[in-house]
Every structure is written in structure tokens, then in C-alpha cells.
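Subject: Structure handover

Hello,

Please find the structure below. My notes on it follow.

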Amino acid sequence: MLFLSSKATFQPPKVINGGIQICFPQFGSHCSLEHRGFSRNRVWCMDPDPPPFPTCSTNKAFIDLILKHSEEGIKIWPHRYEFRLRVTLGPGGDLMLTSRIRNTNTDGKPFTFTFSYQTYFAVSDISEVRVEGLETLDYLDNLNNRERFTEQGDAITFESEVDKVYVSTPTKIAILDHEKKRTFVLRKDGLPDAVVWNPWDKKAKTLPDFSHGEYKNMLCVDASCVENPITLKPGEEWKGRQELSAVPSSYCSSRR
Ligand SMILES: O=P(O)(O)OC[C@H]1O[C@@H](O)[C@H](O)[C@@H](O)[C@@H]1O
């Protein structure tokens, strides 16, 4: 289901192109932090004592992880927080990520953040892929100084570099891989926006992890909260969930 570039090397702080990257406390380049935030480059701990999750995890394998502020980290982002992540795998391979972020500041100060599950889907050939669920929506075009445009009425197809933030998107987005006759279904909650990215040929040549032509085999569709940042007061918690499943395309279209 997920793409990982063939030349990826796991040597933090270098980022990889692949998998699902948890971007917090920013997704973009608004302040002096790392441009996709620091959470994707930190070592997380297993959370031995997570508070109860409202989602049903019966018959599913799951792991609870936690990331907290460190005294070193506070110098970079001057806030105390607890970020709990539950990763759940269902019997059919469905993958669910639930993030809970709590402001634990003791100085009474709120904090503001943006967030994204930067998700690299593996596809057979980007030219054969169609994304449904984003038609007629407004988007901010990262390739045009984040100018706002409105998408046309048809499903989205790809023939050049794309880097768009679709705003106020529905809770379900489908990524149809025509060649593989397979559809990825992304369901989300608490994450109004969806970033769609493919670097295409020219940009991919500038990304050292990509082999020749490898851009054809990936598409990022990221459940995100970018347009309207989230503000939490001390003691408040935010929750954002993403669920991914893969189904035969015929199954999906018969249930639209
Ligand atoms: O190299 P990074 O930081 O993981 O980002 C890769 C791409 O990720 C996409 O999600 C963004 O929309 C692009 O703007 C970005 O170039």
C-alpha cells in the first residue's frame, strides 16, 4: 500500500520519501522550525499507559506511542505537549492512525499548530491514477505562491507536477489505480484538508532518494489540517484520525 523510494536511507535528521510521516507542529514553512515540523524526526517511546481510546480495537493489532517535549526541544518550540499515537492494523490490512495532542504547558499559554499525515501511496503508474472526492473544491496551489483556485468537476488525474492543499475536504477520498484495478480508500476525521503531491520528472531528479522514473510509482495524499491552524489552551486535547484500506476497484465503484 505504501511507497518507499528505493534509495531511502534511514539517517536522521535526513528525511525519507515514503511511508507515512507525522508532521507536527507545522506542515509548511511558516516559522523557523523544520519545515514539516520535528515529530517525524524524533524517537518516539512506547506508551505503557495510554488513556482509553474511543475507537474499538477488538480483533486488531495496535501499538501506542508517545512523544513529549524535551528540555532541548523547548528551546526550538517553547511549549510542553503530549502527543499520543495509536497505530492499529485490522485483520484485512486496514491501517488506522489516531493522534491525540494535548497542551501540557504550565505557564498558562496556548499553542497553535498545523498537522499532516504525509502519506506516500504506492501506485503502478501515476498517469493511470484517478483521485475522487476532491472535485469542485478550493485548493491552495503550492506551485503558485499558495494562490487559491477551484478544482474542476472531474476526478483528478495527473500529467505534470502537482502540489495542492485542498481545503474543507470530505471525510472519504478514493485513489483509484486503473492498472492494478485497486482502490485505496482514505477516511479521516478532524483533518479538514488534503494535500496532493507528485514531483513529476524534473523535480524528482532533484530529490536524491528517487531513482530514475520512480516518481511514477507514488502519490502523496495527506490528511491534514493546514489552512486553519489548531489552537489548544493548557489542558485541551485535539484528535485527528486517518484510516487506509485497499479494495478491488470494482468493489469500490459498486458502493459509491
Ligand atoms: O521532502 P519533504 O519535506 O518530505 O516534502 C516532500 C513534499 O511533500 C508534500 O506533501 C508537499 O506538499 C510538498 O510541498 C513537498 O515537497
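In which sense do strand β6 and β14 pair, and over how many bridges? Strand β6 (residues 111-122) pairs with β14 in the antiparallel sense, over 9 bridges. Here two strands pair if DSSP finds at least two bridges between them; helices (H or I, at least four residues) and strands (E, at least two) are DSSP runs, numbered from the N terminus.

Before the rest, some notes on the source. This is a predicted model, in which local features need pLDDT of at least 70 and side-chain atom pairs count only at pLDDT 80 or more, while totals for chains, interfaces and linings use all residues. Residues are numbered from 1 along each chain as its sequence is written, and side-chain values use heavy atoms, with hydrogens and water left out.

The sheet

β6 and β14 belong to an open sheet of 7 strands, in the order β1-β6-β14-β13-β10-β8-β9, with antiparallel pairing. β1 (20-23) and β9 (147-150) are the edge strands, each pairing on one side only. Phenylalanine 121 stands opposite leucine 219 in β14.

Asparagine 198 is in strand β13 (residues 193-198). Its relative accessible area is 0%, so asparagine 198 is buried (under 20% relative accessible area; exposed is over 50%, partly exposed in between, with a 1.4 Å probe and protein chains only). The side chain of asparagine 198 has a polar atom 2.9 Å from the backbone oxygen of tyrosine 215, and also reaches the backbone oxygen of methionine 218, at 2.8 Å. Leaving aside neighbours within four places in sequence, the residues in contact with asparagine 198 (heavy atoms within 4.5 Å) include Ile126, Glu161 and Val162.

Tyrosine 215 is in the loop between α2 (200-204) and β14 (218-232). Tyrosine 215 counts as buried because its relative accessibility is 9%.

The ligand

Around the ligand are Phe27, His35, Arg36, Arg40, Gln118, Tyr120, Asp163, Val195, Trp197 and Asp222 (each with a heavy atom within 4 Å). β6 and β13 each supply at least two residues of this shell. An N or O atom in the side chain of histidine 35 is 3.0 Å from an oxygen atom of the ligand. For arginine 36, a polar side-chain atom lies 3.2 Å from a ligand oxygen. The side chain of aspartate 222 has an N or O atom 3.0 Å from an oxygen atom of the ligand.

Regards

Methods. Polar contact = N/O pair within 3.5 Å; in protein donor to acceptor, adjacent residues only side chain to side chain.
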